[in-house]
Amino acid sequence: MTTETLLTYLPYGPDFLFLDSIEELSELGIKGHYHFKPELWFYASHFKNQPVTPGVILIECMAQIGLVCFGIYLISKEDTTREVSQTGLALSSSEIDFYKPVYPDEKVTVVSDIVYFRFNKLKCKVKMLNSQNELVCKGVLSGMLTV
Amino acid sequence: MTRDNIYQTLETIISEYLPEDVSKESITLQSNLTNELNINSSHLVDIVLDVEDAFKIALTNDDMETMQTVGDVIQIIEQKTT
């Protein structure tokens, strides 16, 4: 599966898609990128006159790249006959530490390394880096893939 | 390994994943893991992986589908360890 095809399987609408491109993809992990554009809807309110990307959105960005995208790829590798276009993911746990804020117009890179993928549960070590290659946040995310 | 030994080990594993409002005393052979013990699908996988480690067995998707109650899990462990 090409990375372009993979992106078409993502179940998000444009207002809640936090992934622009995938740079690396294998059965061991994934690396993807996202640009937090200044006009994104949440900056006007988080915070008033002091826009900064909410931590929950950073987690969402990490989950979309590190669990959902990666999970769809793993499912397609595991069983090539499986219909992956309807794949969804329920986030089941997140333990994330934050180190740096992400301001409007920043570009981030998300790197996710597999811990295990068993019985449709995907657990990964995930980190986010900013364009200076500084650690923004890292931790462990798990989710259940539904097909 | 006796059925009692299996039960005790399994009870310890399951109790780690019980929600706060479900007590360890609620665990019986007849307990349904998801409906009665309120274990979510993610923790069900954790239990299966812990069972694999504790009893040194490998479980399949089919095994997982038959694991409805605590008794079902014990039966599968017995099959795989004998």
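**Salt bridges, cores and the contact between chains**

Q: Why is the pair Asp63(B) and Lys80(B) called a salt bridge?
A: The closest N and O atoms of Asp63(B) and Lys80(B) are 2.9 Å apart. A salt bridge is a side-chain nitrogen of Lys or Arg within 4 Å of a carboxyl oxygen of Asp or Glu, so the pair qualifies. Asp63(B) is in helix H3 (residues 61–66) of chain B and Lys80(B) in helix H4 (residues 70–81) of chain B, 17 residues apart, and the pair links distant parts of the chain. Helices (H or I, at least four residues) and strands (E, at least two) are DSSP runs, numbered from the N terminus.

Q: What do these values rest on?
A: The model is predicted; local features need pLDDT of at least 70, side-chain atom pairs count only at pLDDT 80 or more, and totals for chains, interfaces and linings use all residues. Residues are numbered from 1 along each chain as its sequence is written, chains are lettered from A and ligands numbered from 1 in the order in which they are written, and side-chain values use heavy atoms, with hydrogens and water left out.

Q: What makes Lys77(A) and Glu27(A) a salt bridge?
A: Their closest N and O atoms are 3.9 Å apart, which is within the limit of 4 Å. Lys77(A) is in helix H2 of chain A, whereas Glu27(A) is in the loop between strand E1 (21–25) and E2 of chain A, 50 residues apart. Lys77(A) has a relative accessible area of 43% and is therefore partly exposed. At 47%, Glu27(A) is also partly exposed.

Q: How do you know that the pair Lys121(A) and Asp46(B) joins two chains?
A: The side chains of Lys121(A) and Asp46(B) meet in a salt bridge (2.7 Å, N to O). Lys121(A) lies in strand E5 of chain A and Asp46(B) in helix H2 (residues 41–55) of chain B, so two chains are joined. Both Lys121(A) and Asp46(B) are buried.

Q: How many salt bridges are there between chain A and chain B?
A: The count is two. Arg118(A) and Glu52(B) also meet in a salt bridge, at 2.9 Å, N to O. Over all chains the count comes to nine.

Q: What area do chain A and chain B bury between them?
A: About 720 Å², with 62% of it on carbon and sulfur atoms. Buried area is the accessible area (1.4 Å probe) that two parts lose on being put together, summed over both. In chain A, Arg118(A), Phe119(A) and Lys121(A) lose the most area to chain B, together 70% of what that side buries.

Q: What makes a set of residues a nonpolar core?
A: The residues must be buried Ala, Val, Leu, Ile, Met, Phe, Trp, Tyr or Cys, joined through side-chain atoms within 4.5 Å. The largest such core here has 40 residues, and those with the most contacts inside it include Phe36(A), Met128(A) and Leu141(A). Its largest share, 15 residues, comes from H2(A). Apart from it lies another core, of 30 residues, among them Ile14(B) and Leu33(B).

Definitions and conventions: Buried means under 20% relative accessible area, exposed over 50%, partly exposed in between (1.4 Å probe, protein chains only).
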